[in-house]
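Please look at the sequence and the 3D view together, and keep both at hand while you read.

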Amino acid sequence: MKIKVDFDLCESNALCEAMAPEVFELDDDDYLVVKTEETTPDNVDDVRRAVAACPRAAISLVED
Ligand code: SF4
C-alpha cells in the first residue's frame, strides 16, 4: 500500500512520528517528512497506528 499525507491538513504535531519514526519525521523547520511512500511488513502496523493517531486525519493508506 502507498502512504499518502495531505500536507494541507497536517499541523506538524509529530504524533505520527511517535507511532512510526521509521516512516514519519519532522525536520528542523517542523515540516513533516515522509521517508517512504511504501508500506512493508515491518512498518505497516506502526503506520496504521500513525493513521489512527493523527487528529487531522491527514494520513491515508491507498491500495496499490
Ligand atoms: S499526526 Fe497528522 S497532523 Fe500530526 S504531524 Fe503527523 S500527519 Fe501531521
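Predicted model: local features only at pLDDT ≥ 70, side-chain atom pairs only at ≥ 80, totals over all residues.

Residues are numbered from 1 along each chain as its sequence is written.

The protein has two helices and four strands, where helices (H or I, at least four residues) and strands (E, at least two) are DSSP runs numbered from the N terminus. Read from the N terminus on, these elements follow the order β-α-β-β-α-β. Along its principal axes the C-alpha trace spans about 30 × 20 × 15 Å.

Buried residues make up 16% of the 64 residues; a residue is buried if 20 or more other C-beta atoms, placed from the backbone, lie within 10 Å of its own, exposed if 12 or fewer, and partly exposed in between. In soluble globular proteins, nonpolar side chains tend to be buried together. The largest nonpolar core here has ten residues, among them Ile 3, Phe 24, Val 47 and Ile 59, a nonpolar core being a set of buried Ala, Val, Leu, Ile, Met, Phe, Trp, Tyr and Cys residues joined through C-beta atoms within 7 Å. Helices α1 (15-19) and α2 (44-53) each supply at least two residues of this core. Met 19, one of the core residues, touches Asp 46, Arg 49, Ala 50 and Ala 53, not counting residues up to four places away in sequence; such a contact means C-beta atoms, placed from the backbone, within 7 Å.

Around the ligand there are 15 residues, of which Cys 10, Leu 15, Cys 16, Cys 54 and Ala 58 come nearest, and a residue counts as near if its C-beta atom, placed from the backbone, lies within 6 Å.

Lys 2 lies in strand β1 (residues 2-5) and is exposed, because 12 other C-beta atoms lie within 10 Å. Lys 2 and Val 62 are 60 residues apart in sequence, yet 5.1 Å apart in space, C-alpha to C-alpha. Ala 57, in the loop between α2 and β4 (59-62), also counts as exposed, because it has 10 C-beta neighbours inside 10 Å.

Note on methods: Contact = placed C-beta atoms within 7 Å.
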